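Hello,

Please find the structure below, handed over for your use. My notes on it follow.

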Amino acid sequence: MKNIKQKILIILATLSLVIGFFAVPAGVFAAVTVGEAIDGGASKILSTGKLADDWQSLGVARSNTPASKEMRQARYNDIVAYLNQSDRLSATDYERTIIGVVSIGGDPTHIPEATTHKNLVEELYQSNAMNSGVNAIIYGLLALQTKEYEVPENANFSIQEMVDKLLSLQKADGGWALGGAVGDVDMTGMAITALAKYKDMPGVSTALDRSVAWLSSVQLKSGGFKGWSNENSNSLSQALMAITLTGNDPKGALFTKDSDMITALMTYRTADGGFKWLPTDTQSNGMALDQALYALTQYKFYLNGSGSIYDFVNNPVPQLIETPVEPDPSTEEPSSSAEPGTDDSDSSDSNSSDSNSSDSNSSDSNSSDSNSSDSNSSDSNVSSEDPSTTTSISDGSDENTEETISDSEGSSNVEKNTTDSSGAGIIGDTDSSTTAPSKEADEEAVQNTSNNANSDNAKSLPSTGEANDYMFLSVLLGASMLLVGVFFLAKNKRKQNN
């Protein structure tokens with residue numbers, strides 16, 4: 001009888017130890033939800049107390065926690081300083097800066113603090129973007145689709161011409177590349193991102209189908225992608241942008257090998273809330289974080305049906321430049337002697353509409369591709385370069401007093417922006433119109449902050465692992481079972497000694 005009890009104690013102790021050893025690591029290393037990854041990435045950037053570049057501005061603006069007015073004002077001041085010290089800007093300088101200005105709530109067509117570069121959109125249209133390489137075409141389309149900008153009469157190109165030029169650069173395999181005959185994942189993802197808005201233009205839909213099929217064919221078993229000979233998070237982020245903007249599910253059958261794209265990207269997340277570049281890296285990387293952050297927010301917009309993170313018309317951000325409305329002298333104030341009950345609607349101010357309402361993103365007959373050469377045409381700073389050369393993000397502190405907001409536009413930044421300090425004028429603030437996403441106990445339900453914010457088709461972000469509550473319970477269970485196992489073994493040993 002005594003031997004039977006000892007055997008039972010040994011079995012219970014062994015089972016407890018086994019459960020404990022498996023449960024504790026599972027709880028400690030439990031994956032977070034996509035929403036929590038977005039929050040963590042934005043928090044890491046905000047903790048530095050500043051927005052370092054245009055791509056950080058985009059990612060944070062589209063996160064659940066936008067930067068405070070003070071941080072956006074500081075970013076604007078940096079942009080103005082950058083513009084004032086730059087006599088000549090390349091096409092991609094204009095394009096990247098336009099995206100950054102819009103992301104912080106500025107107006108890239110009206111930067112009064114700048115000495116010369118006061119209207120970045122007009123100067124971009126007058127630049128040699130058409131002959132400045134595939135990057136300039138891609139970024140140009142992304143920058144000009146952020147708002148509905150007026151096309152200047154002396155524009156050197158139209159949106160239609162940029163689309164046609166980008167289509168002509170597609171490789172035989174269906175991808176795009178900086179050079180050579182074979183597509184690469186980064187440039188293909190970026191090109192798809194830029195073209196997705198124009199899928200109804202001739203030839204675009206067919207080109208997108210070919211490129212999506214090519215991305216699926218080169219996807220790795222891990223669910224990730226290889227760029228410049230290395231499997232890395234930047235290439236995966238650019239592919240994720242492309243897949244979601246074309247309406248494809250990154251967790252669907254077409255893009256699930258042994259694993260899917262979302263699960264693969266989450267493996268790059270580091271304990272500090274950042275993202276690393278290579279699977280073998282041990283620390284987070286600034287560029288990898290920027291791109292993973294806005295790619296995950298684009299995935300959030302895909303789930304909500306919100307469109308592109310680059311669409312700041314349907315998915316606005318808090319404005320930091322307050323454009324005064326000039327009174328229309330042709331209208332008169334309602335007469336104080338008007339009889340009660342009369343309808344005086346004709347006296348409403350017709351200037352209340354958005355000054356950026358002129359639509360110029362389709363095709364323009366005034367465009368003329370006359371620029372021949374440009375010294376900035378070799379812009380090869382793609383995201384798949386070794387990000388170890390970029391400035392890492394340090395930890396700091398910042399009080400975020402803004403209301404939370406979620407935006408919907410998606411453009412992939414693949415330039416190496418370690419010295420960028422562009423900005424836009426900031427005076428007013430209209431953050432009161434924003435809404436915050438709600439959270440459920442087990443997974444985060446993402447609220448769409450565009451016009452369909454409360455629509456019934458809003459979807460929940462899928463959990464990529466255990467939620468925080470389950471992580472705590474798992475660790476608690478594992479620790480308890482370890483203690484039980486140790487107790488039984490110690491008790492059995494004492495009985496044997498007696």
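D260 counts as buried, because its relative accessibility is 10% and the limit for buried is under 20%. The model is a predicted one. D260 forms a salt bridge with K251, and the closest N and O atoms of the two are 3.4 Å apart. K251 is partly exposed, at 28% relative accessibility.

Salt bridges

A search of the whole structure finds five salt bridges. One of them joins the side chains of K44 and D272, at 3.1 Å from N to O. K44 belongs to helix α2 (residues 34-46), while D272 sits in the loop between α12 (261-266) and α13, so this pair ties together parts that are 228 residues apart in sequence. K44 counts as buried, with 6% relative accessibility, whereas D272 is partly exposed, with a relative accessible area of 39%.

Another salt bridge is formed by R75 and D54, whose closest N and O atoms are 3.1 Å apart. This pair links distant parts of the chain: R75 is in helix α4 (residues 69-84) and D54 is in helix α3, 21 residues apart. Both R75 and D54 are buried. Salt bridges also link D54, R75, D93 and R96 in a network.

Aromatic pairs

How many aromatic pairs are there? The count comes to four. In one of the pairs, W55 and Y294, the ring centres are 6.2 Å apart and the planes stand at 45 degrees, so the pair counts as tilted. W55 lies in helix α3 and Y294 in helix α13 (residues 286-304), so the pair ties together parts that are 239 residues apart in sequence. W55 is buried, with a relative accessible area of 1%, and Y294 is buried as well, with a relative accessible area of 0%.

The rings of Y299 and Y302 also have their centres 6.2 Å apart, but their planes are at 20 degrees, so this pair is stacked. Y299 and Y302 both lie in helix α13, three residues apart, which is about one turn of the helix. Is each of these residues buried or partly exposed? Y299 is buried, with a relative accessible area of 2%.

The cavity

The structure holds one cavity of 30 Å³ or more. About 60 Å³ of space lies in the largest cavity. Which residues line the largest cavity? The lining consists of L51, S57, V60, A61, P66, A67, R72, S103, I104, V317 and P318. By class, eight of the lining residues are nonpolar, two are polar and one is charged. Helix α3 (residues 54-61) gives the most to this lining, with three residues.

Helix α3 therefore comes up under each of the three headings: W55 of this helix pairs with Y294 of helix α13, D54 of this helix is bridged to R75, and three residues of this helix line the largest cavity.

Regards

Terms used
Residues are numbered from 1 along each chain as its sequence is written. This is a predicted model: local features need pLDDT of at least 70, side-chain atom pairs count only at pLDDT 80 or more; totals for chains, interfaces and linings use all residues. Side-chain values use heavy atoms; hydrogens and water are left out. On a 1 Å grid over the protein atoms alone, a cavity is a set of points where a 1.4 Å probe fits but cannot get out, and a pocket is an open set with protein on both sides within 12 Å along at least five of seven lines; lining residues have an atom within 4 Å of a point. Grid points are joined across faces, edges and corners, and a volume is the space filled by probe spheres set on the points. Helices (H or I, at least four residues) and strands (E, at least two) are DSSP runs, numbered from the N terminus. Ala, Val, Leu, Ile, Met, Phe, Trp, Tyr, Cys and Pro count as nonpolar, Asp, Glu, Lys and Arg as charged, and the others, Gly among them, as polar. Rings of Phe, Tyr and Trp (its six-membered ring) pair if their centres lie within 6.5 Å; planes under 30 degrees apart count as stacked, over 60 as edge-to-face and the rest as tilted. Buried means under 20% relative accessible area, exposed over 50%, partly exposed in between (1.4 Å probe, protein chains only). A salt bridge is a side-chain nitrogen of Lys or Arg within 4 Å of a carboxyl oxygen of Asp or Glu.
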